[in-house]
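Hi there,

Here is the structure I promised to pass on.

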Amino acid sequence: MSIRCIILSILLSSCINLQLDSQQTNSILDLPNSSLTVSELLLIIESQTDYNFSYNPQQIPLNKKLKIAGTQNSLKDIIASIEEQSNVSIDINEILKRIVILPPATFNISAFVLDSISGECLIGAMILADHKFIASTNNNGYFNVNLDYNKPLITIYNIGYNQRVYVANPYESDSLIITLIPKLDLNIIITPEKDHLINTNEYIDLGNINNHFGTAGTNDLVQQIKFSPGVSSGAEGQNGFNVRGGGPHQNLILIDDMPIYESSHLGGLSSIFLPSSIKSTRFIKSAFPARYGGRLSSVLDVRLKDGNKNNYSRELSLGLEGITGHIDGPIGTNTSVNLNLRASWFSAIASPFVKAITNVQDLSFRYNDSYSKITHWFTNTSKLSLSAYWGDDLVKTARSEFDDDNIGFQDYNRISWGNRFISLKWDKLLNEKWHLQTNIGRSDYNYRSRGSFNRSYLDMDTIAFNAFDILSISELRNYVANVELDYYSPNTGQYKFGINYTNHSNSPTIIESRTFVNEAEDPVITDTSYVADELALFVQNKFPLSSKVNFTTGIRGSLYTTNESNYFFLEPRLLLSYEHENHQLNFSYSRVSQFIHLLSNPGLGLPSDLWVPSTSNVPPEISNIFSIDYYRKKQNRSFGLSLWYKTFDNIIEYSNPSIIIYSLIINNELYQVEVDNSSWESRISFGKGHAFGFESFAQGTIGSFDLNVNYAYTRTLRVIGSIDGGSAFPYKFDSPHNISAQIKYRVNNHNSLVLNWQFASGTAYTLLDTQRLGTDGEPVLIPSSRNNFRLPDFHHLDIHYRLEKKLKGGRLIYDIGIYNIYNRLNAFYEYLSQDTPQGSPELIKVSIYPILPQFNISYIW
């Protein structure tokens with residue numbers, strides 16, 4: 001036989017064999033039922049075909065049940081089902097009739113991380129694999145990651161908990177529940193195993209809140225935030241906080257996804273947040289995720305506890321500030337509740353002392369907070385929760401001082417404000433890759449400020465009167481609906497999709513008059529109510545470019561509509577992060593828009609702030625934010641540097657420099673201010689601005705001492721054509737230098753001593769330092785330029801001692817401290833005073849918080 005014939009015969013035989021093999025893989029196999037284990041399927045295949053299997057039984061899920069479509073399937077389809085449902089790879093050797101089953105190179109694991117005692121999900125817990133940070137849990141304590149098959153070990157780390165090492169099973173089909181044991185002794189330092197773990201996911205250590213106190217002496221979340229680099233400690237009596245050159249109104253504050261407009265009580269005496277009610281807190285000042293929008297400076301995202309699913313926990317606190325109560329626990333098999341209440345009695349304690357050393361005849365200030373949340377679990381992966389908050393503040397003063405000739409003055413000042421919301425939220429894990437979150441709710445904010453002043457004086461031997469009254473009202477109502485989807489892709493990273501809708505209603509009012517108005521009289525409200533709709537769509541993705549580089553991108557589209565105008569903005573968000581051992585470097589860019597503005601009085605005193613909406617005449621504020629951040633961590637020491645730059649467009653200011661200079665009118669004021677009752681839209685001017693800064697921080701533990709030092713240099717300037725001839729002037733909250741330092745000495749596991757020191761450059765304000773004739777021929781005071789003066793630098797040193805005693809069935813905690821230990825009389829505001837027409841004006845400083853004792857006792861059981 002010729003060679004040509006031999007080759008032809010071989011080719012023909014091969015074709016016939018390939019055709020037979022193809023026919024065999026497509027042949028129909030009979031199955032006893034459609035639900036069989038891997039082992040049962042392999043035996044059926046071997047009995048009905050010529051194939052045999054090769055595998056390592058320790059690496060293959062032989063007992064896993066698979067779902068097969070029908071009882072008659074081709075070998076090819078059955079093999080595909082085994083591959084897909086068992087997470088294995090299969091190779092068929094047609095010559096040897098052997099099917100080789102191989103374990104996968106990688107596998108997926110998903111789990112919920114919970115507190116082992118309360119059953120609360122742990123938000124922001126860090127997941128490590130091969131000593132590297134790979135993920136953190138979401139708002140429901142859930143994570144989904146891919147692991148190397150040969151390295152199935154993960155470490156779960158959360159601040160305040162014992163870290164846990166878990167060996168993942170590649171063939172675990174359902175989402176796991178992993179519990180962490182809390183460290184009840186917060187004086188014990190907990191650090192992850194590896195030095196190079198850097199936590200930059202912006203979740204705040206709530207255990208550290210025990211080292212930060214409000215003016216009244218209670219643990220305070222806002223004070224803890226003020227010790228973050230880039231956050232200004234502000235000024236005496238200032239509400240809220242300022243972040244990287246922004247104002248307090250440019251911070252997005254969320255409680256269970258509902259917006260809050262005021263976070264402080266009584267000029268910063270304390271914040272509205274009750275630590276016992278909070279599950280987690282996330283604070284973001286750069287690299288804003290696309291899910292957040294509507295503010296320019298920062299995000300404070302607070303999540304309330306769902307409530308202990310296993311047992312009741314209670315806390316009762318008494319102090320100079322007031323009384324606080326907390327209880328949470330199960331109220332059914334799958335339902336829990338979280339209740340918190342605070343009522344102040346600070347006014348009853350402080351009023352007698354204030355009246356004794358001042359000429360105030362009537363003084364009242366009070367506030368209260370109440371949080372409630374009820375959660376029901378349908379399953380481990382589905383829950384429904386109802387959250388609510390109600391808070392109110394009131395400050396009222398009245399003075400009257402006349403001589404025998406009826407010469408003197410009287411004033412009345414009253415300011416009240418309050419937040420409230422109610423929200424219904426549903427969370428559902430659809431499968432291992434998709435997670436759904438929805439919520440609807442209503443959020444309200446009401447603000448009312450009145451300052452009324454009347455002065456009598458001799459004018460050519462005749463008693464004359466000069467009165468001035470100003471009333472500011474902001475009433476905001478928001479209906480909110482949100483839908484978010486998380487998707488976990490093994491190839492392209494983690495995605496978040498969402499849609500946010502808000503219906504805004506805003507009724508700003510400001511009225512001035514030259515009459516003295518007491519508490520019983522209110523003028524007719526005449527300003528307009530504004531209604532608008534805001535719709536936002538967003539998508540964000542976090543994708544690892546390599547083992548050292550992560551790339552987070554996002555885009556947010558925001559549409560704001562009123563009856564007369566529409567505004568639409570595309571807001572890209574970018575974050576490039578490089579991490580190597582104990583170093584991390586981040587580059588970020590964010591474009592953000594804000595549809596609500598805050599008009600603040602250029603001068604100081606009790607505020608006359610007015611929340612106003614974007615309209616056809618008032619466009620939204622826009623900011624572009626660039627930031628470079630470097631972090632380094634080594635054992636119990638960490639260090640960070642940041643450089644950032646911001647631009648602002650469409651910022652607004654009052655045009656007339658004499659508008660709303662003082663709500664708390666000064667004594668013996670010889671000059672009146674002019675009254676203007678035109679609409680607020682006609683009284684403002686638009687402009688641009690920019691801010692830039694440098695930040696650094698250092699933290700460390702040396703023996704029993706914990707040290708924390710932050711420094712920030714910040715400038716924020718504005719340019720408005722109609723003000724100061726278009727020259728740049730410092731923003732009201734411009735504070736170039738900010739320093740915070742903390743030293744904590746752990747006496748033992750139950751006692752600690754904390755020293756906190758804060759410094760901030762004096763904030764800018766507009767002082768009436770120039771006299772001119774008004775429209776009626778009377779002399780009035782005007783400023784030489786906008787924000788032409790600064791308050792003296794603000795600083796104070798506080799000391800606190802905490803003593804904890806363990807009792808049968810509970811714990812007793814004593815907090816004893818002194819605020820402003822060296823009695824620095826920081827300025828609340830300044831004004832010019834002149835006793836006689838012939839005298840020289842004198843700049844008078846008013847301070848409200850001297851050295852103050854602090855005491856609080858808490859019982860937890």
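Asn823 sits in the loop that runs between strand E51 (810–819) and strand E52 (829–833). Please keep in mind that this is a predicted model. Is Asn823 buried, partly exposed or exposed? Its relative accessibility is 35%, and because buried means under 20% and exposed over 50%, Asn823 counts as partly exposed.

Asp724 is another residue to look at. You will find Asp724 in the loop between strand E42 (705–720) and strand E43 (729–730). Asp724 is not a glycine either, yet its phi is positive, at about 55 degrees. With a relative accessibility of 31%, Asp724 counts as partly exposed.

Now to the sheet. Three strands make up an open sheet with mixed pairing, and their order is E3-E7-E6. Which strands lie at the edges? They are strand E3 (52–54) and strand E6 (89–93), each of which pairs on one side only. From one strand to the next, the twist averages 25 degrees.

Within this sheet, E6 pairs with strand E7 (residues 98–102) in the antiparallel sense, over five bridges.

Note on methods
Residues are numbered from 1 along each chain as its sequence is written. This is a predicted model: local features need pLDDT of at least 70, side-chain atom pairs count only at pLDDT 80 or more; totals for chains, interfaces and linings use all residues. Side-chain values use heavy atoms; hydrogens and water are left out. Helices (H or I, at least four residues) and strands (E, at least two) are DSSP runs, numbered from the N terminus. Buried means under 20% relative accessible area, exposed over 50%, partly exposed in between (1.4 Å probe, protein chains only). Two strands pair if DSSP finds at least two bridges between them. Axes are lines fitted to C-alpha atoms, for helices over the stretch in contact, and angles run from 0 to 180 degrees between N-to-C directions.
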